[in-house]
Amino acid sequence: MKNLVKILKERCEKGIPSMLVTIIAGSGSAPRGAGAVMAVGKEGRLAGTIGGGMLEFQATETAREYLKGGRTERIRYMLSKSEAADLEMICGGDLDVLYTYLSPAPDVKEALEQMLFHLNAHIPGWLILPLEGRIGFLGEEGKAAGLEAVPEIPGEMEKPGILKYDGEDYYVQMIKNTSKVYIFGGGHLSQELVPLLSHLGFRCIVTDDREEYSARELFPSAEEVHTLSYDNLDGKFDVQPQDYIIAVTRGHMGDFKVECFALKTPAYYIGVVGSRRKIAAVNQKLKEKGFTEEDIARITAPIGIPIKSETPAEIAVSIAAQLIEKRADHTSL
């Protein structure tokens, strides 16, 4: 999302109009659900995706046509099985796509600037698209940009959807604070895992107690890299309820110390690599330390989905897949 908004903002500053293509509702076997976005210019797709394949190709061509006339349109695709097959969908379904024309106007620039600021600062906010056209953004602090009036957004609304306000329909999508993944252990597995998770939109913080495994050059895509003793983790990180903690240290004691720290935090997910025998030994030590069965049940061990992975790269894929699943369950971005 951040790269897409950055591109749209740069084009706006240069006086170049663009189209924002957004899936605002979907059912059946659409390749992407509500919230999928794509930026399109006269040259074609610029960033983002609504699922790829022929559907995305046709949507791109439609957006280019609307761009010529400066049109905003909402199109509902009601697809039979044969039509869905032509668009590389598994079976039929309904799909609502909003094509929003973005002129290089001051109000559009203001909305894009605020959205990019919030994305860079990891501050929640809402993308607001009136179905009749235009774009707006509402920050968590209540400041609106791009629109004179914005709908009242229910505090519990985290999933994209349509809101009615003052006789007008608005598509609203929460731009949420992205999750951090605290990875303890900087060995070969982490060196495979961090670039993969970073590419998937997770903010990685890597920590090892050895300087040679916590060197910045090993983790160029990580947000932070630290050299810290696993005995001294309390108070060092501001772990939030949407965050993940992964223990992939070089031995039982490192994992045990990381788990002791992790169980004191509100982390959404705690995962530990290792054999079942190693996990059982560490769990016993946690009980001796005073942690309950309920506490220990918060830990996913062994980490990752079972895909018969063996190499560090394969294990990294299994872990990343599990985090994608957990993130989707938690409705975070």
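**Helix α7**

I started with helix α7, residues 276-288 of this predicted model, and checked its length. With 13 residues at 1.5 Å a residue, α7 should span 18 Å, and its end C-alpha atoms are 18 Å apart, so the two agree. The expected span here is 1.5 Å times one less than the number of residues in the helix. For the element names I used DSSP runs, numbered from the N terminus: helices are H or I runs of at least four residues, and strands are E runs of at least two.

Which residues of α7 are buried? I found Lys 278, Ile 279, Val 282 and Leu 286. Seen down the axis of α7, these buried residues fall within an arc of 95 degrees, so they line one face of the helix. That arc is taken from the directions that run from the helix axis to the C-beta atoms. A reminder to myself: an α-helix has 3.6 residues a turn, so residues three or four places apart point the same way.

"Buried" in these notes is under 20% relative accessible area, "exposed" is over 50%, and "partly exposed" is in between (1.4 Å probe, protein chains only). On the face of α7 turned away from the buried side I noted the exposed residues Arg 276, Arg 277 and Glu 288. The cover over the buried residues of α7 includes α6 (252-262), α8 (293-296) and β16 (299-300). Just after α7 comes Gly 290, with a positive phi of about 110 degrees.

**Ground rules and confidence**

I number residues from 1 along each chain as its sequence is written, and side-chain values use heavy atoms, with hydrogens and water left out. As the model is predicted, local features need pLDDT of at least 70 and side-chain atom pairs count only at pLDDT 80 or more, while totals for chains, interfaces and linings use all residues.

I then looked at pLDDT, the predictor's confidence in each residue, from 0 to 100. The chain has a mean of 88, and 91% of its residues reach 70 or more. Which element has the lowest mean pLDDT? That is helix α3 (residues 81-86) at 51, while strand β14 (residues 244-247) has the highest at 97. Where pLDDT is low, the predicted coordinates should not be read in detail.

**The whole chain**

I counted nine helices and 16 strands. The C-alpha atoms fill a box of roughly 65 × 45 × 35 Å along the principal axes. Of the 333 residues, 48% count as buried.

Next I went to α1, whose twelve residues should span 16 Å at 1.5 Å a residue; its end C-alpha atoms are 16 Å apart, which agrees. The buried residues of α1 include Leu 4, Ile 7 and Leu 8, and also Lys 9 and Arg 11. After α1 comes Gly 15, with a positive phi near 80 degrees.

Contact means heavy atoms within 4.5 Å.

Where is the cis peptide bond? I found it joining Ala 301 and Pro 302, with omega about 0 degrees. Pro 302 sits in the loop between β16 and α9 (312-329).

I noted two positive phi values in residues other than glycine. Arg 134 has phi near 85 degrees and lies in the loop between β6 and β7 (136-139). At 42% relative accessibility, Arg 134 counts as partly exposed. Asp 166 has phi near 55 degrees and lies in the loop between β9 (161-165) and β10. Asp 166 is exposed, with a relative accessible area of 72%.
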